[in-house]
Amino acid sequence: MNTKLEIPCAYQGGKQRLAKDIVNIIFNENEINESTRFYDLCCGTGAITIELVNRGIKPKNITMLDISVWGMFWKAVGDGNFDIDKFKEYIDSVPEDKFLIQSYIKELYKQPANIDTIYKFLLIQATSFGSKAIWLKNEIEWCTSSFRNYWQPNGIAKRKSPVNPMIPMPDTMFKRMVNIVERMKGVNVINDDINSLLEFEENSITYIDPPYQNTSGYGYSFGLNEYINKIIKYNKIYISEGIELSEKSYLLSKGRAKGGVSGNRKKANDEWLNVYEAV
Ligand SMILES: C[S@@+](CC[C@H](N)C(=O)[O-])C[C@H]1O[C@@H](n2cnc3c(N)ncnc32)[C@H](O)[C@@H]1O
């Protein structure tokens, strides 16, 4: 039996925890067959595509799109150009001592981003504080705020367990990538702005996970309503948002309190799946 595919690393707004619910709704509402085409737009870590493939959908029946380095990464995977040996070299260069990882990543972050972009990206993204998005400021520089450090309980903070500097740690990420490279070859990937995709194949279902309204931090955005209007004639569209947008929608999870290391709690947003269908 195949090992379940998992996303390469943590990413803000990543849908790994909601992917099962989202795909359940899509499968319940539609008759899925061999010719159904799926579009995973603003795919990021690929959480939705990965759930689809774990349920038996063939990668060649899926098109992923993201303008960020995630798009570049998935394109390499889909085209069979992700060099797992090169990634292993990067993985092996991460210090084993967890206390040294942050400074190692800070150095890697200063290296030219145009060389081995996708391999460096995975390590940098996995270490990003709060899993915040990493993107390219220009061709040779990364953009981010700060990196996680190895943290151990200090008797003052409420948290009682250590926090690793990377999510996941390098060995786990490598295992996940071996599986991804093996099983995701053939997926169609567009590393471009969402507005470059205006035509869809017949019998298709589109899922869009845009940057949520009134949030920032991905380095890219687009006008969601304008885009929906342009493509609604082609297919049924499912959209994740922190708010209810369409007449038909599902509340996937109520905002819950999120605890940080400091013990401060802030309210996370609700998660909605909005459904749009041409009338
Ligand atoms: C909420 S995140 C998606 C998370 C993803 N579904 C996952 O599970 O990891 C939003 C994504 O939209 C992408 N994005 C933002 N503006 C875009 C645009 N104009 N065209 C294509 N992608 C865009 C960002 O790069 C980011 O990865």
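Cys42 is buried, at a relative accessible area of 15%, where buried denotes under 20% relative accessible area, exposed over 50% and partly exposed the range in between (1.4 Å probe, protein chains only). The model is a predicted one, in which local features need pLDDT of at least 70, side-chain atom pairs count only at pLDDT 80 or more, and totals for chains, interfaces and linings use all residues. Residues are numbered from 1 along each chain as its sequence is written, and side-chain values use heavy atoms, with hydrogens and water left out.

The backbone at Cys42 has a positive phi of about 65°, although Cys42 is not a glycine. Most residues other than glycine have a negative phi, and most peptide bonds are trans. Cys42 belongs to the loop between strand 1 (37–41) and helix 2 (47–54); helices (H or I, at least four residues) and strands (E, at least two) are DSSP runs numbered from the N terminus. A positive phi, near 55°, is also found at Asn203, a residue other than glycine. Asn203 is located in the loop between strand 5 (188–190) and strand 6 (204–208), and is partly exposed, with a relative accessible area of 38%. The peptide bond from Ile167 to Pro168 is cis, omega being near -5°. Pro168 is part of the loop between strand 4 (142–143) and helix 7 (170–183).

The ligand is surrounded by 23 residues, the closest of which are Tyr11, Lys15, Thr45, Asp66 and Asp209; a residue is counted here if one of its heavy atoms lies within 4 Å of the ligand. By class, this shell comprises 12 nonpolar, 6 polar and 5 charged residues, with Ala, Val, Leu, Ile, Met, Phe, Trp, Tyr, Cys and Pro taken as nonpolar, Asp, Glu, Lys and Arg as charged, and the others, Gly among them, as polar. A backbone N or O atom of Lys15 lies 2.8 Å from a ligand oxygen atom. Taken alone, the ligand exposes 600 Å², of which the protein buries 99%; accessible areas come from the Shrake-Rupley method with a 1.4 Å probe, and for residues only the protein chains shown count as cover.

The structure contains 16 aromatic pairs, defined for rings of Phe, Tyr and Trp (its six-membered ring) with centres within 6.5 Å, planes under 30 degrees apart being stacked, over 60 edge-to-face and the rest tilted. The ring centres of Trp70 and Phe73 are 5.7 Å apart and their planes stand at 80°, so this pair is edge-to-face. Both residues lie in helix 3 (residues 69–78), 3 residues apart, about one turn of the helix. Trp70 is buried at 1% relative accessibility, and Phe73 is buried at 0%. Phe222 and Tyr227 form an edge-to-face pair, 6.2 Å centre to centre with 80° between the planes; Tyr227 is buried at 0% relative accessibility.

One aromatic cluster includes Tyr11, Trp70, Phe73 and Phe174 among its members. Lys88 lies over the face of Phe174, at 5.2 Å from the ring centre, the criterion being NZ of Lys or CZ of Arg within 6 Å of the ring centre and within 35 degrees of the ring normal. Arg55 lies over the face of Phe27, at 5.6 Å from the ring centre.

Conventions: A polar contact is a pair of N or O atoms within 3.5 Å; within protein, one must be able to donate a hydrogen and the other to accept it, and residues adjacent in sequence count only if both atoms are side-chain atoms.
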